[in-house]
Amino acid sequence: MRIVISEFMSLDGVVQAPGGPEEDTDGGFANGGWTHPFFDPEVVGGAFDDALSKAEALLFGRRTWKAMAGAWPERAGDPFADRMNAIPKYVVSQTLRDDELTWNNTTRIPGDKAVARVRELHETDGGDLLVMGSPTLVRTLLSEGLVDELRLMVMPVLLGGGKTIFPDDGALRTLELVSTVISGTGVHVCTYRPVAKG
């Protein structure tokens with residue numbers, strides 16, 4: 001399975017709390033919901049539709065999974081929501097209990113086994129394993145060389161701090177820009193793939 005990361009991102013690389021003010025206030029983050037002025041259904045929404053249509057399963061960190069599990073089940077009836085609710089989901093967590101996995105078709109991956117289990121999924125045949133949000137998990141996957149594609153929706157806003165997906169280990173990782181589309185609201189939807197080391 002290809003591991004594909006899909007993120008809303010500010011110009012200064014922040015991915016924290018794109019959806020709403022209470023989504024993630026860690027570190028005193030006060031700009032939750034910052035994506036709303038820039039979201040357009042055709043380009044930005046289309047990028048998510050495309051990513052989800054190619055996904056065979058979703059992979060989340062605990063916090064993102066909890067936010068999604070609290071939002072998507074009640075949106076049934078819309079094709080995107082129906083797909084989100086039906087598709088197999090994996091959540092990396094050391095603390096979630098099995099009786100808390102209330103979102104349909106969710107399997108927990110213990111945090112201490114995450115890299116090994118994701119590596120196994122990566123090596124199986126199938127469609128894409130899509131990761132949305134989940135900055136801590138994405139940082140780990142990038143560090144471990146387990147990302148096949150980054151789809152970044154870069155929005156024309158500076159947030160001045162917050163969570164990012166990028167490792168800060170000093171390692172050089174070269175990417176190839178595969179495609180870019182610009183929305184009328186100034187969002188650059190950029191698809192990158194790692195350049196094979198040769």
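Author: Happy to. A word on terms to begin with: a helix here is a DSSP run of H or I with at least four residues, a strand is a run of E with at least two, and both are numbered from the N terminus. Please also keep in mind that this is a predicted model.

Let's start at Leu 142, which belongs to helix H5, residues 135-143. The relative accessible area of Leu 142 is 13%, and buried means under 20%, so Leu 142 counts as buried. What does Leu 142 touch, once its neighbours within four places in sequence are left aside? The contacts are Val 147, Leu 150, Ile 165, Pro 167 and Arg 173. For a sense of scale, take Glu 22, which is 120 residues from Leu 142 along the chain: their C-alpha atoms are 27 Å apart.

One of those contacts, Leu 150, leads us on to strand S6, which covers residues 149-155. Glu 149 is also part of strand S6. Is Glu 149 buried or exposed? Its relative accessibility is 1%, so Glu 149 is counted as buried. The side chain of Glu 149 has a partner, though: a polar contact of 3.1 Å links it to the side chain of Arg 2. Beyond four places in sequence, Glu 149 touches Arg 2, Ile 3, Val 4 and Ile 5, and also Thr 191, Tyr 192, Arg 193 and Pro 194.

S8 has another antiparallel partner, strand S7 (residues 175-182), with seven bridges between the two. There Cys 190 of S8 has Thr 180 standing opposite. S7 and S8 make a hairpin, with five residues between the strands. In that turn, Gly 186 has a positive phi of about 85°.

The other group of contacts made by Glu 149 includes Ile 3, Val 4 and Ile 5, and these residues fall in strand S1 (2-10). S1 pairs with strand S5 in the parallel sense, over five bridges. Ser 6, for instance, has Met 132 in S5 as its bridge partner. S5 is also paired with S2, again in the parallel sense, this time over four bridges, and Leu 58 stands opposite Leu 130 of S5.

How many of the residues of S5 are buried? Five of its five are, so the strand is mostly covered. In a regular strand the side chains alternate between the two faces of the sheet. In S5, Asp 128, Leu 130 and Met 132 point one way while Leu 129 and Val 131 point the other, and all are buried.

What packs against these strands? Helix H1, residues 44-54, has Val 44, Gly 45, Ala 47, Phe 48, Ala 51 and Leu 52 buried. Seen down the axis of H1, those buried residues fall within an arc of 160°, so they line one face of the helix. They pack against S1, S2, S5, S6 and S8, along with helix H3 (79-86).

Because Trp 65 lies in helix H2 (residues 62-71) and Trp 103 in the loop between strands S3 and S4, the pair ties together parts 38 residues apart in sequence. Trp 65 is buried, at a relative accessible area of 2%, and Trp 103 is buried at 2% as well. Another tilted pair is Trp 72 with Phe 80, at 5.4 Å centre to centre and 50° between the planes, and both of these residues are buried.

Two of these tryptophans also have a charged neighbour. Arg 75 lies over the face of Trp 72, 4.5 Å from the ring centre. The charged end of Lys 89 sits over the ring of Trp 103, at 4.6 Å from its centre.

Conventions:
Residues numbered from 1 in each chain as written. Predicted model: local features only at pLDDT ≥ 70, side-chain atom pairs only at ≥ 80, totals over all residues. Heavy atoms only, no water. Buried < 20%, exposed > 50% of the residue type's maximum accessible area, 1.4 Å probe, protein only. Contact = heavy atoms within 4.5 Å. Pairing = 2+ DSSP bridges. Phe/Tyr/Trp six-rings, centres within 6.5 Å; stacked < 30°, edge-to-face > 60°. Lys NZ or Arg CZ within 6 Å of the ring centre and 35° of its normal. Arc of directions from axis to C-beta. Polar contact = N/O pair within 3.5 Å; in protein donor to acceptor, adjacent residues only side chain to side chain.
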